[in-house]
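Colleague: Please take a close look at one residue in this model. Then set that residue in the context of the whole protein.

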Amino acid sequence: MHGTPHIVSDVMTHTVAAIGRGASFKEIVRMMQDWKVSALPVLEGEGRVVGVVSEADLLHKEEFRDSDPDRHTQLKRLSDLAKAGAVTAGELMTSPALTVHADATLAQAARTMAHAKVKRLPVVDDVGMLQGIVSRADLLKVFLRDDEDIAEEVRREVVAYLFPTPTSAARVAVRDGVVTLSGRIRDTSLVPVAARLIRAVEGVVDVEFDVAEHSRSSERAPAPSSHSEDASH
């Protein structure tokens, strides 16, 4: 029912800093500083993504610099200790890389990021070749959408579908992404459905309702004439 949602290719960054498996520890740190990013895709061949190196991967070297972990720590954090001793991207990277396709919706990309607790995702094609990168900030761009654009989509895609005129008189207002639906509607049991559909509109921050049910009893037939015939005539 809704218009075509934005996809990752609409918001992703096409110019991406990336490194090869053999990049040294210092090269990785320097590139992160120069590009002001917290993670870098690791590529092989013609540009296939094979892993990602993040600041978290690099910090293990500092974390264990002066420590002598006991046997329990060694067993529990074997992978972290291995990264503390790593010197190349191939040794440091998390592999396989968590990626997303350019035609994924922003909601799909957001769920992937939230589930994995990462700040950015390499964007790849069907064979894993790097196409770009998408960050949390990119996904939040939909909330910059103009209020009137949001209102028009809500009227067209939700209100006209659930509360058509003339049986309903629903009004839509949007301020700072918060949608308010007000007026009289035929069936208030549809309000939860409307809330779900409105929240699915890109750029909507929240939904509020100020509606009353439009009763069938209000659609009365014309009142009978006050003049009655005199039975005596």
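Modeller: Ser-38 is found in the loop between helix 2 (25-35) and strand 2 (39-44). Helices (H or I, at least four residues) and strands (E, at least two) are DSSP runs, numbered from the N terminus. This is a predicted model: local features need pLDDT of at least 70, side-chain atom pairs count only at pLDDT 80 or more, and totals for chains, interfaces and linings use all residues. Residues are numbered from 1 along each chain as its sequence is written, and side-chain values use heavy atoms, with hydrogens and water left out.

Ser-38 has a relative accessible area of 16%, so it counts as buried (under 20% relative accessible area; exposed is over 50%, partly exposed in between; 1.4 Å probe, protein chains only). Leaving aside neighbours within four places in sequence, Ser-38 is in contact (heavy atoms within 4.5 Å) with Met-32, Val-53, Ser-54, Glu-55, Lys-119 and Arg-120.

Now the wider protein. It has ten helices and nine strands. Buried residues make up 35% of its 233 residues.

The largest nonpolar core has 19 residues. Such a core is a set of buried Ala, Val, Leu, Ile, Met, Phe, Trp, Tyr and Cys residues joined through side-chain atoms within 4.5 Å. Val-154, Val-172 and Val-179 have the most contacts inside the largest core. Helix 9 (147-162), strand 7 (169-175), strand 8 (178-185) and helix 10 (191-199) each give two or more residues to this core. Helix 9 supplies the largest share, six residues. A second, separate core of 16 residues includes Ala-23, Leu-40, Val-53 and Leu-92. Val-53 is also one of the contacts of Ser-38.
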